[in-house]
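Have a look at the structure first.

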Amino acid sequence: MTLQVRQIRKEFITRSGSLPVLCGIDLDLDSDKSLAIMGQSGSGKSTFLHVLGGLDKPSAGKILLDGLDPLAMNETDLAHYRNQKVGFVFQDHHLLPQCTVLENVLLPSLLGSTPKVEVIQLAKDLLARVGLENRMDHMPSELSGGERQRAAVARALIMRPRLLLADEPTGNLDKRNADNIMRLLLKLHEEEKNILIVVTHSLELAKLFPRVMTMDDGILAQAVSSN
Amino acid sequence: MSFSLGQFVVNTARFHLKGNLAVLMGIVIATASLTGALLVGDSLRGSLADTVKNKLIWVNEAVLAQRFFNEQIVVKLGEKTAIPAIILKASIQVRDDQDCLVTQISSAQVVAVPEEFWQDAGKSAQWKNLKGAWLNHQAAIGLKISEKQNVVLRIEKPSAIPRESFLGNREDVVDSITLEVEKVLDRSDKYAGFNLFPGMDAPATIFVPLQLLQEKLGITSKINSILTSKSGMQDKFRSLLTLSDYELTFKGPEDRALDLFAKFDRDKNQVLEKREYQGKMPSKLIPLLQSQAGTIDIESVQKFFRANRNYYSLESSQMLVSPNLAQKADDLIQEMGLQSSQIMVYLANNIQEKNNVVPYSVIAGIDATLQKKLGVKLAANDKPGQKIWLLDWNESPLKPALGDLVSLEYFLPEVVGKPIEKKDSFQFAGYIPAEINLVDPEITPDFPGITDKLSLDSWNPPFPYDNKRIKPRDEKYWQDFRSVPKAFIDLDAAKNLWGSRFGKITSIRVYPTNLSFPDGFAADFQARLLKLIDPISVGFVFQDLRARFQQSSQSGTDFSGLFVGFSFFLILSALILVALLFRLHLERRASQVGTVLALGATQKQVAHLLLLEGLLVAGLGVLLGLGVACVYAIGLLQYLKSNWPDSSLQQILKLHIPFKTLCMGFVLAFIMSAVAIFRTSRTLVKTSVMTLIKGGYLDSTVLNSKQPLSLLIYGSLFMILGFGMLFLPSSQDHELKALKFFGAGGLVLTSGLFFLGAFLRYVYKIMVFGHGLDGLARLALRNMARNKTRSLLTAGLLSSAAFLIIAVEPFRKEADSNTGKNSGTGGFSIVVETNIPVLSGLDGPSGIETILDGVQKSNRGNPQRARQQVDRFKNVLKDVKVYSLRFNPGDDASCLNLFAPSKPRILGVPNSLQQRGGFLFSATTEPLENPWKLLDSSNPFVNAFVEKNTVEWMIHSGLGKDYKIQDASGKDELLKFAGLFQGSVFQSEILIGESQFLKFYPQQQGYQYFLIDADSKDLSEIEEAFKIGLSDYGAKVSKSKDLVERFASVENAYLSMFQGLGTIGLLIGTMGVAAVLARSVWERRAELGLLSALGFTQVDVVLVMLLEHALLLFLGLGIGTLAALVSVLPLEHSTATRWGVLALLQGGMFFFGLMVCVASLWSIRTNNFVAAMRKE
């Protein structure tokens, strides 16, 4: 098992009291597996993804990725964990408007130690693989929504993460583009042999994944097989 | 429900309260900077105007004459508000029981007035019959005394005869008057600040009843001032002046007869008894005056005078008729077609022919007319200048043959130090019969101590006199002929030998055209002569003091201009801040604006709405700013007061808030803010709607059309222009200098911003990649270049502040450690100014003797202490070298005096100092090894030296420029500034050569300004020696280094203030950076969240932000510093510029800015960017 999640709980403190968001989630995923999580808005799926990616801390529980426990890490190690082990694709692309597409992809590598030439080549390869080989010197403002999200996918993969997390990556895209992105994510997952977890509202897109789970009031449950 | 546009604007402004408050704060700062600067100028001018009111109280006009005149003239003026007064400068001393000096005020004001002066019933009543004096608060504090204690006034004795003429009294110069202090006027008393002389100080003043001072001075019914609240009295005043007010007499035969009786007729019976005239009148004259009855009565005397001495004689009580008055009289005589003679009478110590000597004889220089009347005959080819005629008196031992040499020994006519004797030889040309009806004793003016003495032996002249040389025949002559001259020479020869700057003749005789003078001749002559004499030449003029002082208070340094000038960069900073904050504020609202535009509003409509909201904020901000301006102005004034080297400013400077300045501040600040707001609003609405809807920034991330090359070209152009200004012709004109200073600085600063613009465009193209710091720095550079306008505005803010702080620093005056000959002190350790002239100066051993003599006198009642002090001081004074300078009083021209100097003090530099040289010169018209040679009288111009700052800021002139002063007779004289001192002791005066000085001010006698070259180890002792030794002269002794530092501290006070303005600018700049940073953190929180998500630690994120803003900070400060350094290059500044201090300043400013950035970024530490990212 590469990813082990045990009894993850998360509560938010509100004015009207404690609000449970994640209610003891368990999950095991091997290194080359992918998973789609579906659920209604506010069900806790994005929070779960953020907890997995080390962006948020759970109230209780344990996570192990390749034997590493991000919840036991200090801030610096956690940042390193996010940089080296996790790749994020958000609903919004979050490309830096001041940087070109290539520079945006290279952004996580600023913290790494891969030789510059290599990492640039890798970024260019990734952009080629997402179909942006002709757009790498463009600014984000000069790209379409689909292109921007593809660039964001490339950026998420630049550090060759063990865990690729996508939080409604197609939420802002039309159907065709959404389908393309999802297929791209799956394709790259297969090529990179990483763990891919995607949160989506779309059953149609979820069906592309071999395994689909649902999140309902903070409880993750096995959905029907995609088949 | 109605919803007006106004309500909408107000509601919107309220909704965006935080952003609007930030903009409002910027406007408040801009308004306060501008209005505060204007208020400082107003306050300085207003305070000076208040000082004028406090000084003059009820007096508007005054006659402040240089000589005493008849008090009766005030009564004749018939003006109730006009009161007679004596206003003098004196020293006031407190002496102990043994008559030893305890405390002293060297320069105090003596105000002797009648009770009418006090326009306060209580004070008038107290003043009546007062036998003591009142002191003002300053005097009491200075003397450390209270009521019922005695003070001693040391006043220069009035002397009709110039003391530097050989008949002048040089021994008994100072009058001592002891008065009991009856009352001390406290500081709040409106009369305590009474002062009719220019300057900011409220001088120490002693008020004395007029009659009491007149009695003490022995000048009954004489005054030197008239005070009045009315104007327009000059014509009447002039018409009331008589020749006696000019110390002239014009007497005919009857007058002289009356004088004779006034002198001798003690029983007033119009008959001179033998007991009355015996020994007092020439015995040879008595038979001629007797009537047939053998008595000497008024008729017989008048008859004799009419028959034998039928002339009018114009004489002066000063012995010599001044050249100016003599010329006027001569002009009138020519005009009236009268026959006249000029006479110059002098005293010879010896008349010698071979071995025969006659001591102490009157000699007369007579012109051809009188020569003829005395029966002198000259051959056509005879040169009268070489001839001498002797009176043929019986007992005369002189028996020369025609052509024999007869020598005259006499003292030189002008005496500085000891009288110098000279001998000249003449050819004997004949005898003049000793007939007293022909040669009268009245050819010699009355001279107390000589002409009034019964015998030669009892003469008491003011020159070395040895009565042992008097022989019986000489006494016999005195009894027979009294002051009849024993010898005569030609007038021109006499003028050459005995004429001086005080005059060349002793009398002018006017003869009748016929046998007698027409009726009313004397009155007519006098009236016509009085018309020719300019009363201004002796100060007989009602000066409109209030108008003059008010003019001086308003026309000094333009402080508003100065402060607004130096606040320019601060105001600019504040306006940039307004623009920046408004821009940041609008950027937050970009999507709303985009939505409104998308809904169909026109750009103009939206711009108007934004502008209206902005103007509402601007209006409130400006109003609030006016209040802050007052507080800011108070702060600036307080700073100036606390840094001023003396207490004068502390006492007078108060905040003045003229309504018109507030209006001006409001209008200017509002317009400037509105322009900044308008420009930003317009830029926003012109951005594409979609960009706005997306919350896009005003700065597009796409490069605009201006490429780095064009910016580089603009930058280079401005740089060339900036440096070009450095090569403008060198000038001493401070306005041109200011133009160079601000021009070069402004251009280089602008050029720097263009280069920064190009740099931002260049770095925008640097690829963001790499590892660690390299990669983070690249990202920071990209971020900085992202919002170029914002970055440029921030850099502009910082550079303006840095410019002011750095540019001002090199002008700071440090105490010059060099006190050598070519320094500001000229190598002199001590400067002494006296209130009463020291006639012989203090140069050489005789000067030291004068000081030691003064030490002795200061301890009159304690001979033992006197001896001890003399011994002590003798030792320290033995190697002291003194240079004495002549002094014409006037306005302090230094920067310590905020009034414009209308009549600066003048110093006359002696040849000895000119030859010695020294002092530090900023510039001279000719490059001479010893610039003091420029003061040489052989120069075609009347060259003058003055301190550089004085000429630039106070006199508003410059090197090589002409400057008009008035000489003693009121005539305009042109000076040429041939040399400018730098950081010298001479900041309060103008220096000219002594010979030129004496031509301008012939009546100024003695020396009042002394430069002391002394060994520094005994300085305190020497200082004390001068203080005590010259206490009777009212000496003010200062260490020259202290003086230089005092002047420098004024400059430094201003400079500190301007640097303070720069510091405020820097604060504004860093506030701008902080605002930009805060805004960046806010608007980029999602971006920062992403960086966190990508694995950036908080340190990495902070580092990127810090690098971005630190670089901006560095570049902004760098541009300002570079511009400042360029702007100060062409100016002369402190010789030892504190480069270390500058570097520290620069480092300090950078560090401060950095700390502000760190403080702003501190919040990032706890920010949850992921949450922010999620929210988006």
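Predicted model: local features only at pLDDT ≥ 70, side-chain atom pairs only at ≥ 80, totals over all residues.

Two packed helices are described by the angle between their axes and the distance between the axes.

| Helix pair | Angle between axes | Distance between axes |
|---|---|---|
| Helix 12 (residues 323–336) of chain B and helix 16 (residues 521–532) of chain B | about 130° | 10 Å |
| Helix 2 (residues 17–56) of chain B and helix 20 (residues 603–643) of chain B | about 45° | 5 Å |

On the helix 12 side, the residues involved are B:Lys328, B:Ala329, B:Asp331 and B:Leu332, and they meet B:Arg528, B:Leu529 and B:Leu532 of helix 16 of chain B. Sorted by class, that contact holds four nonpolar and three charged residues, with no polar ones.

Now for the other pair. Helix 2 and helix 20 of chain B pack at about 45°, which makes helix 2 of chain B oblique to helix 20 of chain B. Helix 2 of chain B also passes helix 20 of chain B in a right-handed crossing. This contact has 21 nonpolar and seven polar residues, and no charged ones.

Over in chain A, three strands make an open, antiparallel sheet, ordered 2-1-4. Strand 2 (17–29) and strand 4 (60–65) of chain A sit at the edges, each pairing on one side only. On average, neighbouring strands are turned by 25° against each other, ignoring direction. Strand 1 (residues 3–14) of chain A pairs with strand 2 of chain A over 10 bridges, and A:Leu3 stands opposite A:Leu29 in strand 2. Helix 1 (residues 45–52) of chain A packs on this sheet and touches strand 1, strand 2 and strand 4 of chain A. The direction of helix 1 makes about 60° with that of strand 2 of chain A.

**Where the chains meet**

How many residues does each chain bring to the contact? Chain B puts in 27 residues and chain A 31 residues. Helices 26 (772–786), 35 (1085–1093), 36 (1098–1128) and 38 (1169–1175) of chain B each supply at least two residues of the chain B side. Helix 26 of chain B gives the most, with six residues. By class, the chain B side splits into 13 nonpolar, eight polar and six charged residues.

Key: Residues numbered from 1 in each chain as written. Chains lettered and ligands numbered in written order. Axes fitted to C-alpha atoms, helices over the stretch in contact; angles between N-to-C directions. Helix = DSSP H or I, 4+ residues; strand = E, 2+ residues; numbered from the N terminus. Contact = placed C-beta atoms within 7 Å. Nonpolar A, V, L, I, M, F, W, Y, C, P; charged D, E, K, R; others polar. Parallel < 35°, antiparallel > 145°, perpendicular 65-115°, else oblique. Left-handed = near helix turned anticlockwise from the far one by under 90°. Pairing = 2+ DSSP bridges.
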